[in-house]
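Please look through the sequence and the model shown below, and then follow the account from the overall fold to its core, its helix packing and a few points of backbone geometry.

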Amino acid sequence: MIGLIARAHLTPAVSAAVDQLLKENPLDPNQKRYCQDRPADPMADAASWADDMKSIDKTFTWHFVDIPLALHRAETDSLDVMKWCEAIGPSVDGKDRPGCLATAIDYEWSILRDKNQPAPDRAKALRYLIHFLGDLSQPLHDADNRDQGGNCTRMTFFANEKLENLHAIWDERMIGRDLDARKSFQHQYAAGLDREFAASWPNWGEAKPDVLAWAWEGHEVASQVTYGKLKPQLPVANPADGQIDRAGCNLERSQVEGMHITIGDEYFNAALPVVREQLAKAAYRLAGLLNQSF
Ligand SMILES: [Zn+2]
């Protein structure tokens, strides 16, 4: 949906250039794609590709920046974000390989803008950017409560029998529920969001890009809403307690499950407007970046 909304805000010249770059540098048709129900729009189709590449390109850490939930921007030097963003070894051209979402966006954006880069690399950079602007807008890609951005924090979602993790609830369940409630197809839902947030285009689509500020903004949403509206409240992990364990869960799963957190109408009604705003914001910011890239 972010791809579909962004498309509507590209200049005609940029829209054509985006399609040309993607079509002239197609994906390997044999590559396994997780998302089977893919839209006809080449930009929207490209949006989930980066998740297919996590293990192939060893880019898993590019999809998030684990800013500890306990921190707040006002009390923290913005550059401190780099503590959770260490480069993961030199890339082929001698430059550091990005270590997290914040640096991956800058890195791929610089490749896309550089007309001297080979077209296949620019197409790849474009596919990464489309995806990463979406990830950056999902608050649990900018915040972590020592629970892998909510992946370890399981709770009840309405009448679902199976416990759901908070990350999946914000990735899919909330939007899925709203789509069902509105009996909407994705392109209708995208058009509705675009109408609702049209007045915000100058603020989001024409402002100077500031990836660190956007990451902090997502982090604030995580603090205020994603974690902030849960009942009962989870204890906020102390960021001073050593390194985050990216492979395991620092919060005991059984302890969290024992709290019996349930997401129902109260949480949903408070969080859904924020989910919708984050989608529109990501789309407008993506369109703004791309309008400056060709
Ligand atoms: Zn991702």
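The secondary structure of the protein chain amounts to twelve helices and five strands, where helices (H or I, at least four residues) and strands (E, at least two) are DSSP runs numbered from the N terminus. This is a predicted model, in which local features need pLDDT of at least 70 and side-chain atom pairs count only at pLDDT 80 or more, while totals for chains, interfaces and linings use all residues. Residues are numbered from 1 along each chain as its sequence is written.

For 294 residues, a compact globule would have a radius of gyration near 19 Å, and the 19 Å of the protein chain agrees with this; the radius is taken over C-alpha atoms, and the globule rule is 2.2 Å times the number of residues to the power 0.38. The C-alpha trace spans about 55 × 45 × 40 Å along its principal axes. Of the contacts with a separation of 6 or more, 74% link residues 24 or more positions apart, a contact being a pair of residues whose C-beta atoms, placed from the backbone, lie within 7 Å.

Buried residues make up 38% of the 294 residues; a residue is buried if 20 or more other C-beta atoms lie within 10 Å of its own, exposed if 12 or fewer, and partly exposed in between, with C-beta atoms placed from the backbone. The largest nonpolar core has 70 residues, and those with the most contacts inside it are I2, V65, L101, L129, A215, A283 and L286. Its largest share, twelve residues, is supplied by helix α12 (residues 265-291). Such a core is a set of buried Ala, Val, Leu, Ile, Met, Phe, Trp, Tyr and Cys residues joined through C-beta atoms within 7 Å. Leaving aside neighbours within four places in sequence, A283 is in contact with I2, I5 and A6. In helix α10 (residues 211-226), the buried residues include W214, A215, W216 and H219, and the elements covering the buried residues of α10 include α5, α6 and α12.

Helix α6 (residues 119-137) packs with helix α5 (residues 101-113) at an angle of about 145 degrees, their axes being 8 Å apart. Axes are lines fitted to C-alpha atoms, for helices over the stretch in contact, and angles run from 0 to 180 degrees between N-to-C directions. On the α5 side of this contact are residues including L101, I105 and W109, which meet a set in α6 that includes L126, L129 and F132. Helix α2 (residues 12-24) also packs with α6, at about 115 degrees and with the axes 9 Å apart; here V18, L21, L22 and E24 in α2 meet A119, R122, A123 and L126 in α6.

Most residues other than glycine have a negative phi, and most peptide bonds are trans. A cis peptide bond, with omega about -5 degrees, joins K231 and P232, and P232 lies in the loop between α10 and α11 (253-257). K58, in the loop between α4 (49-52) and β1, has a positive phi near 50 degrees, and K58 is exposed because 12 other C-beta atoms lie within 10 Å. F158 likewise has a positive phi, of about 50 degrees, and counts as partly exposed, with 13 C-beta neighbours inside 10 Å. By contrast, Q148, in the loop between β2 (143-144) and β3 (154-157), is buried, with 22 other C-beta atoms within 10 Å.

Notes:
Contact = placed C-beta atoms within 7 Å.
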